[in-house]
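Subject: Structure for you, with notes on its side-chain contacts

Hi,

Here is the structure I promised to pass on.

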Amino acid sequence: MLRNDTLTPRNLTLTPELHGYLLDQGNMTPDPLLAEVIERTSAAIPDQAHMVVAPEEGALLTFLVRLLGARRIVEVGTFTGYSSLCLARGLPADGSLITCDVSAEWTALARDFWDRDGVGDRIELRLGPALDTLRALPAEPHLDLAFIDADKPGYLGYWEELVPRLRPGALLLVDNTLFSGEVIAERPGEKAAAIREFNAHARRDPRVQLVMLPIADGLTLARRLPPGESPVR
């Protein structure tokens, strides 16, 4: 196995200009409605506006839903609806997305955007503790895709409720798994420590094949393994 000090970093530092080029060339620049989600969130909740997923991540969500042919999705953490809008856009007309949040105020913005985009009928918002919502779902494997982007100390619990409910080959996506680089700090804060604990737990989970990508604040993709298939380590 290669030592860490023998590996050459391959990731570019994205300047604003290079990031703009990336979005343009990858067809990931937010359209007017997605841009409005960002603008209205920044105006209404300026201290929390950073919680909107990055445009390239939102585009990837839509891409993965379509690539999988996903029909049943669960999202933990709705906020003002950017990621749920991207997920729902990838669904077929009879697909469904259950999205969980605790804030009626923030999700009121989300509902407006969903309806204006014509995907509101595919999205079911469930207000309340996400663990309660997840535990109320059918226990058997039935989900095609799930996305976790909520309170960081809750990640482990959400993971444990969602993994058994994923069908073989389904994806579980987890946001903020690099947490601005704080996951490797000697004394990480509470949220970063929770992410580091979660990352270690997910990496050891034999039920999934896992990769972590340096997209936005770190995005982990976990594929639910079919019976008899071993994870690649």
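A salt bridge here is a side-chain nitrogen of Lys or Arg within 4 Å of a carboxyl oxygen of Asp or Glu. Before the details, a word on the source: this is a predicted model, in which local features need pLDDT of at least 70 and side-chain atom pairs count only at pLDDT 80 or more, while totals for chains, interfaces and linings use all residues. Residues are numbered from 1 along each chain as its sequence is written, and side-chain values use heavy atoms, with hydrogens and water left out.

**Salt bridges**

Searching the whole structure gives 17 salt bridges. One of them joins Arg 223 to Glu 229, with 2.9 Å between the closest N and O atoms. For exposure I use relative accessible area: buried is under 20%, exposed is over 50%, and partly exposed lies in between (1.4 Å probe, protein chains only). Arg 223 is partly exposed at 27%, and Glu 229 is partly exposed at 33%.

There is also a network: Glu 36, Arg 40, Asp 112 and Arg 116 are joined by salt bridges that share partners. Within it, Arg 40 and Glu 36 form a salt bridge whose closest N and O atoms are 3.8 Å apart. Helices, by the way, are DSSP runs of H or I with at least four residues, and strands are runs of E with at least two, numbered from the N terminus. Arg 40 and Glu 36 lie 4 residues apart in helix α2 (residues 32-44), so about one helical turn separates them. Arg 40 has a relative accessible area of 30% and is partly exposed; Glu 36, at 22%, is partly exposed.

Arg 126 and Glu 124 make another salt bridge, at 2.8 Å from N to O. Arg 126 is partly exposed with a relative accessible area of 25%, and Glu 124 is partly exposed with 37%.

**Aromatic pairs**

Rings of Phe, Tyr and Trp (its six-membered ring) pair if their centres lie within 6.5 Å; planes under 30 degrees apart are stacked, over 60 edge-to-face, and the rest tilted. Tyr 155 and Phe 198 are both buried.

Phe 198 also pairs with Trp 159: the ring centres are 5.4 Å apart and the planes are at 80 degrees, so this pair is edge-to-face. Here too distant parts of the chain are linked, with Trp 159 in helix α7 and Phe 198 in helix α8, 39 residues apart. Trp 159 is buried at 0% relative accessible area, and Phe 198 is buried at 0%. Tyr 155, Trp 159 and Phe 198 form one aromatic cluster.

**A nonpolar patch**

Patches consist of residues with over 30% relative accessible area and no salt bridge, joined within 9 Å for like charges and within 5 Å for nonpolar side chains (Val, Leu, Ile, Met, Phe, Trp, Tyr). Accessible areas are from the Shrake-Rupley method with a 1.4 Å probe; for residues, only the protein chains shown count as cover. Leu 12, Leu 14 and Leu 22 make up a nonpolar surface patch with about 290 Å² of accessible area together. Leu 14 sits in the segment before α1 (16-25) and is partly exposed at 42% relative accessibility.

Best wishes
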